[in-house]
Amino acid sequence: MHIAAIMDGNRRWAKIKGWKKVLGHKTGIDVLKSVLDWCPKYNVDVFTIYALSTENLKREQKELDDLFDLIEKFAKPKEEFVQKNIKVHLMGNLDLIRPETAKSLEELERATQECTGLLFQVCLSYGGRAEIVSACKKIQENGEEFSEETISQNLYSSLEPDLIIRTGGHKRLSNFLPWQGTYTDLLFLDKYWPEFNEKDLEDAVKYFKGIQRNFGK
């Protein structure tokens, strides 16, 4: 099963508690680490996250620097990902983020390429429309014919999620996987991402299994 997540609400959760934004992001990353451990238990073999959109890069520099620090710390223990057999795949334009952060993520991706367990796709400095435009440019450069198949083949990832979960109460996709998510089922949760727990993942899997998917037929 392939689950994708829009991890929304870190800042609002921190604000309610009277905490700094960075503590909301830190707690959100702690929850993410737990979710990666829970996924195999519920037969989730692909987990894709919306970690940072291109629009998020317009936030104040202090918040971005704090977030980049947290991401680098998350990516540093490469051996833990290897031990857990988690393969990391990056999706997005890393040229737009801090070079040190991009390097740490790319090193993590390389270190886990031989892993065969959970596939963990990280959409960072990502925009869905930009991904489609990038795919079209590749097709044009390669002199290929434009088709649904060639566009899919030239995306950051052609894998289509079974279910997209969005926390935080908003009911929109915010430029997340517009091509891959065409027939994806959606689950919107009012709770913030730092409040997401194992039962929420279990309930999401049960919710999906109860849906009859016809793919427009």
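I139 is found in helix 6, and with a relative accessible area of 0% it is buried (buried means under 20% relative accessible area, exposed over 50%, partly exposed in between, with a 1.4 Å probe and protein chains only). Helices here are DSSP runs of H or I with at least four residues, strands are E runs of at least two, and both are numbered from the N terminus. This is a predicted model, in which local features need pLDDT of at least 70 and side-chain atom pairs count only at pLDDT 80 or more, while totals for chains, interfaces and linings use all residues. Residues are numbered from 1 along each chain as its sequence is written, and side-chain values use heavy atoms, with hydrogens and water left out.

- Leaving aside its neighbours within four places in sequence, I139 is in contact with E144, E145, F146, T150, I151 and N154 (contact means heavy atoms within 4.5 Å).
- I139 and S104 sit 35 residues apart in sequence, and their C-alpha atoms are 29 Å apart in space.
- I132 belongs to helix 6 too, which covers residues 128–142.
- I132 has a relative accessible area of 23%, so it counts as partly exposed.
- Beyond its neighbours within four places in sequence, I132 is in contact with L155, P178 and W179.
- From I132 to L177 is 45 residues along the chain, with 9.4 Å between the C-alpha atoms.

**The nonpolar cores**

- The largest nonpolar core has 46 residues, and I3, L32, L36, F47, F120, W193 and F196 touch the most other members (a nonpolar core is a set of buried Ala, Val, Leu, Ile, Met, Phe, Trp, Tyr and Cys residues joined through side-chain atoms within 4.5 Å).
- Helix 3 gives this core its largest share, seven residues.
- There's also a second, separate core of nine residues, which includes A4, I6, M91 and C123.
- Not counting residues up to four places away in sequence, W193 touches A5, M7, D8, N10, G28, V31, L32, V35, F47 and T167.

**T48 in strand 2**

- T48 has its place in strand 2, and it counts as buried because its relative accessibility is 0%.
- The side chain of T48 makes a polar contact with the side chain of Q121 at 2.8 Å (a polar contact is a pair of N or O atoms within 3.5 Å; within protein, one must be able to donate a hydrogen and the other to accept it, and residues adjacent in sequence count only if both atoms are side-chain atoms).
- T48 and A4 are 44 residues apart in sequence, yet their C-alpha atoms are 4.4 Å apart in space.
- With residues up to four places away in sequence not counted, T48 touches H2, I3, A4, A5, M91, Q121, C123, F176 and L177.

**T27 in helix 2**

- T27 lies in helix 2, and its side chain reaches the backbone oxygen of L23 at 2.8 Å.
- Setting aside neighbours within four places in sequence, T27 is in contact with W13, W19 and P194.

**Q180 in a loop**

- Look for Q180 in the loop between strand 5 (163–166) and strand 6 (185–188).
- Q180 has a relative accessible area of 1%, so it is buried.
- The side chain of Q180 reaches the backbone oxygen of S157 at 2.7 Å.
- Leaving out its neighbours within four places in sequence, Q180 is in contact with M91, Y126, E131, L155, S157, S158, L159, E160 and P161.

**The pockets**

- The largest pocket holds about 730 Å³ of space (on a 1 Å grid over the protein atoms alone, a pocket is an open set of points where a 1.4 Å probe fits, with protein on both sides within 12 Å along at least five of seven lines, and lining residues have an atom within 4 Å of a point; a volume is the space filled by probe spheres set on the points, which are joined across faces, edges and corners).
- Its lining takes in 32 residues, of which M7, Y50, A51, N56 and R59 lie nearest the centre of the pocket.
- Helix 1 (10–17), helix 2 (21–38), strand 2 (46–53), helix 3 (61–75) and strand 4 (119–126) each supply at least two residues of that lining, and strand 2 gives the largest share, five residues.
- The lining of the largest pocket divides into 16 nonpolar, nine polar and seven charged residues (Ala, Val, Leu, Ile, Met, Phe, Trp, Tyr, Cys and Pro count as nonpolar, Asp, Glu, Lys and Arg as charged, and the others, Gly among them, as polar).
- The second largest pocket has about 160 Å³ of space and is lined by E148, S152, E160, W179, Q180, T182 and Y183.
- By class, the second largest pocket's lining has two nonpolar, three polar and two charged residues.
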